[in-house]
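Please keep the viewer open as you read.

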Amino acid sequence: MIRRRGASLDELEALYRGRFAIFVRVAASVTGDSERAHDAVQEAFATAVQKRSSFRGDGPLEAWVWRIVLNAARADVRRITPVAGYAETGAVNGDPGPDATLRAALVLLPERQRTAVFLRYFADLDYAAIGEALGISTGSVSATLSAAHATLRNRLEEVRT
Amino acid sequence: MSDFDHASLDRVLPPIESAPDWEDVLSRSRVRQGRHRRHLVLAAAAALVAVIGTASAIGGVRTFVLDKGFIGLPPRGATPSAPESGDLVVHWEGFTPTLPAQGRANDIVRVWVYADGRIIWDRRPHHPGPETGIPEGANEFNSGYLEQRLTPKGVELVRSAIAGLFERSRALLETFPASDVPLLLARKGRSALIVPEDFPSVGSMELSDGDRLLRLGWHTPCHPTDLGCGGTTATAEQVAALRRVDMLVTAPASVLPSSAWAVREVRAYVPSHYAVCIDTSPPKDASHLLSMLPARAAELLRGKSRTRLGGEVQEAREGGRVVVLGRSVRYCFKVETEQAREVAEALSGLDPEPGWKGYALAYRVAEPVNKLNPTWIWFEPYFPHGGFTFSGPVG
């Protein structure tokens with residue numbers, strides 16, 4: 001297989017414009033705050049522009065950029081204490097509702113499991129791309145998602161009982 | 001079904017409150033590249049100190065890309081624009097209708113586009129101030145000459161936009177030798193387009209046509225007694241096309257697609273040669289003019305390739321009529337940048353021309369005679385097509 005070297009500015013711009021909202025919202029699952037997530041995405045794409053010649057083409061460009069975005073978001077978390085939780089939706093009659101329950105369960109997942117969940121079920125990445133983005137093997141992606149499912153199921157069971 | 005689905009994850013994630021801003025991404029990238037370059041320069045300088053063991057050795061070898069405009073001569077070591085020569089595709093200069101007018105007049109914008117992709121430009125804010133909007137600019141009066149690079153597609157986009165306007169104005173086109181030296185905004189003419197009063201007052205554009213330039217000028221209605229007054233009233237379509245082209249050349253970053261840019265980062269245009277120009281009234285011959293300079297400066301310029309220009313007609317309004325006071329003559333000597341530096345050093349005993357501060361490195365050689373202009377000497381950068389322009393103040 002002939003591997004390409006480098007990504008073009010046009011490709012990066014198209015990816016940015018086409019997937020901006022997905023990048024920011026998944027980054028927010030790491031930073032806990034959409035404003036900081038937006039900043040992390042801007043920084044990450046600036047890095048991608050600067051280092052685009054080093055993209056080796058081992059996997060999809062999007063997976064390479066996801067890795068940079070997640071690293072930028074994590075760097076933001078290391079710098080600043082994250083804001084806990086995602087969107088705040090109010091409880092109805094004291095019942096937190098299914099979204100609030102799901103949100104609470106997601107917040108309690110380890111960061112890698114949580115990010116894998118968002119990359120798979122929100123950003124629609126396949127296992128190989130998730131592995132590239134998280135810096136783990138495809139087999140580990142499968143194991144990570146299974147663990148996330150198991151943890152979540154247990155948490156939701158606890159809430160129901 | 002999975003425990004997770006897109007819709008439920010969509011509801012738990014915070015809503016997005018910001019819009020994509022690709023320009024911001026590029027700007028952040030540029031800032032980093034600038035920092036990276038500076039670090040490299042510092043690292044290289046440190047390495048040189050370590051190897052050579054003496055800081056004085058750096059002066060002769062250090063080169064760098066100048067990321068800010070300058071007036072006069074470039075700092076020593078600034079890397080000249082490459083290649084040294086290039087084919088001019090388009091030249092444009094005028095008061096721009098694109099940038100917001102502040103008060104009565106608009107900013108002056110000049111742009112040169114080359115076949116190799118270089119786009120060289122300068123801008124003069126009508127109201128100088130720190131908020132002129134050009135971070136890479138030289139000072140509050142003048143951006144200095146700045147350079148970016150287009151892709152072949154970008155060059156063609158600019159060229160075809162101007163060619164389209166020329167096509168609609170064939171009867172008004174004038175042709176000039178490609179070596180003609182355009183004077184800053186001093187163009188009117190019977191073959192110009194007359195634009196409405198609400199259009200900025202004057203401008204011209206040129207398109208390469210082999211070894212000739214096709215030129216189209218425009219100006220607002222003028223008084224019939226004014227010198228050079230004349231022209232044909234522009235149609236609404238021509239005015240609209242003029243506005244579109246102005247926007248293209250004045251604010252290309254906001255009009256051209258990303259694929260039109262090879263280097264969007266702005267840097268100083270650093271020439272390889274300078275024209276050392278002397279303007280004097282009434283006209284004198286070159287040897288007489290050289291004898292008015294400090295001996296060392298005359299010695300450096302004597303024998304150099306020179307261009308003689310008609311200079312400018314100096315006029316005054318007397319009793320409601322415009323009368324011609326006289327005419328100047330201008331000689332420009334071509335020298336390499338390092339030789340220009342030597343000439344400047346030889347002129348350092350003269351008084352700097354105060355009205356030119358912020359626009360060009362200029363000195364006063366002799367006081368005015370009979371209400372005419374003084375005798376000046378100043379430095380003009382050569383452009384890749386082998387021409388130069390006028391960098392002094394307007395008016």
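Helices are DSSP runs of H or I with at least four residues, strands are runs of E with at least two, and both are numbered from the N terminus. Among the buried residues of H5(A) are Phe118(A), Leu119(A) and Tyr121(A).

This is a predicted model, in which local features need pLDDT of at least 70 and side-chain atom pairs count only at pLDDT 80 or more, while totals for chains, interfaces and linings use all residues. Residues are numbered from 1 along each chain as its sequence is written, and chains are lettered from A and ligands numbered from 1 in the order in which they are written.

Between the chains, 32 residues of chain A are in contact with 27 residues of chain B, contact being C-beta atoms, placed from the backbone, within 7 Å. H1(A) gives the most to this side of chain A, with 11 residues.

Nonpolar cores are sets of buried Ala, Val, Leu, Ile, Met, Phe, Trp, Tyr and Cys residues joined through C-beta atoms within 7 Å.

| Core | Size | Residues include |
|---|---|---|
| Largest | 77 residues | Val113(B), Trp378(B) |
| Second, separate | 51 residues | Leu106(A), Leu9(B) |

Technical notes
A residue is buried if 20 or more other C-beta atoms lie within 10 Å of its own, exposed if 12 or fewer, and partly exposed in between; C-beta atoms are placed from the backbone. Two residues are in contact if their C-beta atoms, placed from the backbone, lie within 7 Å.
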